[in-house]
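I opened this model today to look up how some of its parts meet. My notes follow the order in which I went through them.

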Amino acid sequence: MTRVFRVAFAGLVFVFALSGCVGPARTTHTYESKAVRTANDSLSELQTALLSVQMTRRGRMMQVYLETVLSESEDAFSSIQNTFDSIQPPDTGRADQLRAGLDTLLSDGADGLAQLRILARRQDTRGLAAEVHKLTATAAALDKFAQEHG
Amino acid sequence: MKRLLGVALGILTAIGGFVDIGDLVTNALVGSRFGLSLAWATLVGLVGICLYAEMSGRVAAVTSRGTFDLVRERLGPRAGLANLIASFLVTALTFTAEIGGIALSLELATSVNYLLWVPMLGLAVWLLIWRVKFSIMENVFGLLGLTLLVFGVALWQLHPQWGDLLHQIAVPHKPTNEGTPVYFYYAIALFGAAMTPYEVFFFSSGGVEEKWTKKDIITERINVYLGFPLGGLLSVSIAAVAAIVLLPNNISVNTLGQVGLPIAVASGKLALAVAILGFVAATFGAALETGLSCGYSVAQYFGWQWGKFVRPRDAGRFHLLVLLTLILAVGGVLTTINPITITEYSVVFSAVALPLTYFPILVIANDPDYMGDKANGRICNFLGSIYLVIIVVASAAAIPLMFWTKAGQ
């Protein structure tokens, strides 16, 4: 019985470890597909933040809810960015180009989300409108990136 | 009149108590990625849970004994122990997810970090399990859970193309940007969320707590055959609002805040507040149910005194076990693993454990030695057997698909 438990426990650990880990990208194609996934995931977080701000400005969402959603989006975005940055790209010019292009968008998105959170907590309506404008452009660029490479 | 009120209350609490954190997150996630093309999986799970909940309720009404007590006696201690371990682990994982779910709901209402809520919630769950009467617990949280019907209202206010929605359900098409393995991985997750094992243990143990007899079988059937399908419709409406609002905006659900976003879009601030109340009620109610189910399963297997129909001091080991499981669950949430991730794994592992949960129920409900003239009829056995095949297939496919798709990525 002890052996059965040991095997079962090892299996469970193996499942959790494998299903959550980030693998290296061995080819440019694999790296590109991971970049597209990153673009889509980060786009989802930006869109969540943008829609929430829009709803709050229209008086359809509570301030506390907005603050929580923005904070969660920022955390999730940061995690997506870190995961992408931790992938070792293959040694090709195209992979480096992909990385540079997406990294810029991710940095813009992360900065924009942080700014959005700060402005939302200060209830700075005018500042929020300007930041939403900038982030919408970043979201459009991420969408374009995903479409072009997907 | 009193009986009629009892039946109505039973139906309402069955609807309100149907949805838990697994249903909320999985349905919204699937709706935001697949539209309603996977609603069939919820409907298949819904028929399954109705079938087996009815059987387990009938077994409780006829024998007045808990499921694990009968499983051990009928299948022997070894098979019973395997069943107990699998069911307990999955239910404890679900318990952890539910506590995380309450904390996340309160964070949405207060913007206070969810981790700060967890110790207080642990204490509140324990106090309620220790002090409050079973029927009060069940009815209050079941009725408050009805506030989630706000998702149905939101769906109506979004003015969808109803024909298009029905077409997506009736003629499912996998979205082109999603792979086939991912599609089936989420089908199994939805199936697991609908057929979560604890629902059956809680339902049958609740029957024993409320001292059901053969006379209550009709009431039990009405609760199951009316309440559960209406609860299932609620699950589909959660997926539908996500499909209408989130999918076109490229938003894929991975937080509870995103689950409520379509409510704000469709119905505004007040409805969103009602939805948050619904999140709290649904997850709190499910936390009580899963916590009690952990205690029920172990106590019934070992033959200890269990339940809330006796004073806590007369069921000391049962209450101690619930407390220890609660401490583990609270500790699990405090590890800072995202409760939504715990929820996603809990519904998939529920699917893995399904055969161990449902096979013994079919065996006992079909055994005339236990059930007398209330044993399964031919149709019930036929459907039960078909579902057992579906359950085994889903269970066998769950882990390989989890590897293949990196947990649905």
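Entry one. I kept in mind that this is a predicted model, and I began with helix 3 (residues 39–63) of chain B and helix 18 (residues 378–404) of chain B, whose axes come within 10 Å and cross at roughly 125°. Because of that angle, helix 3 of chain B is oblique to helix 18 of chain B, and I noted that their crossing is left-handed.

Entry two. I turned to helix 2 (residues 21–34) of chain B and helix 16 (residues 339–365) of chain B, and found that their axes cross at roughly 95° and come within 9 Å, so helix 2 of chain B is roughly perpendicular to helix 16 of chain B. Helix 2 of chain B contributes B:Ile21, B:Gly22, B:Val25, B:Thr26 and B:Leu29, while B:Ile340, B:Thr343, B:Glu344 and B:Val347 come from helix 16 of chain B. I sorted these residues into five nonpolar, three polar and one charged.

How many residues does each chain give to the contact between chain B and chain A? I noted 37 from chain B and 29 from chain A. The area buried between chain B and chain A is about 2,800 Å², with 64% of it given by carbon and sulfur atoms, and I recorded zero salt bridges between chain B and chain A.

Technical notes
Residues numbered from 1 in each chain as written. Chains lettered and ligands numbered in written order. Predicted model: local features only at pLDDT ≥ 70, side-chain atom pairs only at ≥ 80, totals over all residues. Heavy atoms only, no water. Axes fitted to C-alpha atoms, helices over the stretch in contact; angles between N-to-C directions. Helix = DSSP H or I, 4+ residues; strand = E, 2+ residues; numbered from the N terminus. Parallel < 35°, antiparallel > 145°, perpendicular 65-115°, else oblique. Left-handed = near helix turned anticlockwise from the far one by under 90°. Contact = heavy atoms within 4.5 Å. Buried area = accessible area lost by both parts, 1.4 Å probe. Salt bridge = Lys/Arg side-chain N within 4 Å of Asp/Glu carboxyl O. Nonpolar A, V, L, I, M, F, W, Y, C, P; charged D, E, K, R; others polar.
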